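This report goes from the whole chain down to single residues. Start by looking over the sequence and the fold.

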Amino acid sequence: MNVHLILEYLAFFLAFRYYVFLRKRQEDTISSDNRLSIIIGAIFGALLGSRLVGYLENPVLISSAEQFVQLMNTKTIMGGLFGGLLGVELAKKIIGEKQSSGDLFTLPIIVGIFIGRIGCFLMGTKEFTYGKVTTFPLGMDLGDGLLRHPLALYELVFLAGLFWLLKRFRETKDLESGMLFKLFMLSYFGFRFLLEFLKPNVFFVLGLSSIQWLCVICFVYYKIEQRSKSRSPNRLD
């Protein structure tokens, strides 16, 4: 039984139901038709991004049908998040939507990632979500007889704290539109940038893994976005 796959489906289901629950409880400034277009953009962007970045973690030349199938099954949440972000922005440009759309997705996304990471932990070393061999007191045998950093558990603790903090911000702070999602992306990508140093990566560019370079790209993206907004303070997006 592929426990991780089952938990991934559960994560999608519960995250979407949580999104529907939140949307019913607050006024959504984006129409239902445009929101659907945005969701479709996010899905296609996430599918492409998750597999592209997953492949770049350890790129190999595809020379057989088996390797191609393996590539299609290789994915990472980091690529999914950033690919989804680009997919949303593209969809918004196509339909002419100017309102920020990410805040409503923020908490459901964290819930989905949290459930998925439980699956990663249960898979042990069968999936590349484990850490380096360590003598650190928190080291665990994840299935290969060696004590390793349980990266999935570290992330579960981080996600629980981030969920609580952003939920508090959402309820008590008067944040500008889009800021909640931006805080999530910068916090999560910053955490994953640091976590990568504990992962036994084998492919590096200038000393950084593919995931870390994606984190850098994400930081640059938001820096450029911030500069663009400061130059055009009347923009809504």
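## Surface and charge

Accessible areas here come from the Shrake-Rupley method with a 1.4 Å probe. The model is predicted. By that method the chain exposes about 13,700 Å². Carbon and sulfur atoms supply 65% of this area.

The chain carries 26 positive and 19 negative charges. How far apart are the mean positions of the positive and negative charges? They are separated by 3 Å.

## Overall fold

Eight helices and two strands make up the secondary structure of the chain. In sequence order the pattern reads α-α-α-α-α-β-β-α-α-α.

The C-alpha trace spans about 55 × 40 × 35 Å along its principal axes. The radius of gyration is 19 Å. A compact globule of 237 residues would have a value near 18 Å, so the chain agrees with that expectation.

Of the 237 residues, 39% are buried. Take the contacts with a sequence separation of 6 or more: 68% of them join residues 24 or more positions apart.

## Helix H2

Helix H2 covers residues 32-56, which is 25 residues. At 1.5 Å a residue, H2 should span 36 Å.

Which residues of H2 are buried? They are Asn 34, Arg 35, Ile 38, Gly 41, Gly 45, Gly 49, Ser 50, Val 53 and Gly 54. An α-helix has 3.6 residues a turn, so residues three or four places apart point the same way.

## Arg 117

Arg 117 sits in helix H5. Is Arg 117 buried or exposed? Its relative accessibility is 10%, and the cut-off for burial is under 20%, so Arg 117 counts as buried.

What does Arg 117 touch beyond its neighbours within four places in sequence? Its contacts are Ile 77, Thr 129, Ala 152, Glu 155, Leu 156, Leu 159, Tyr 188 and Arg 192. Among them, Glu 155 is an acidic residue, counted as negative.

## Leu 206

Leu 206 belongs to the loop between helix H7 (179-195) and H8. Its phi is positive, at about 55 degrees, although Leu 206 is not a glycine.

Leu 206 has a relative accessible area of 77%. Exposed means over 50%, so Leu 206 is exposed.

Terms used: Residues are numbered from 1 along each chain as its sequence is written. This is a predicted model: local features need pLDDT of at least 70, side-chain atom pairs count only at pLDDT 80 or more; totals for chains, interfaces and linings use all residues. Side-chain values use heavy atoms; hydrogens and water are left out. Helices (H or I, at least four residues) and strands (E, at least two) are DSSP runs, numbered from the N terminus. The expected span of a helix is 1.5 Å times one less than its number of residues. Buried means under 20% relative accessible area, exposed over 50%, partly exposed in between (1.4 Å probe, protein chains only). The radius of gyration is taken over C-alpha atoms; the globule rule is 2.2 Å times the number of residues to the power 0.38. Contact means heavy atoms within 4.5 Å. The place of a charge is taken as NZ of Lys, CZ of Arg, CG of Asp or CD of Glu.
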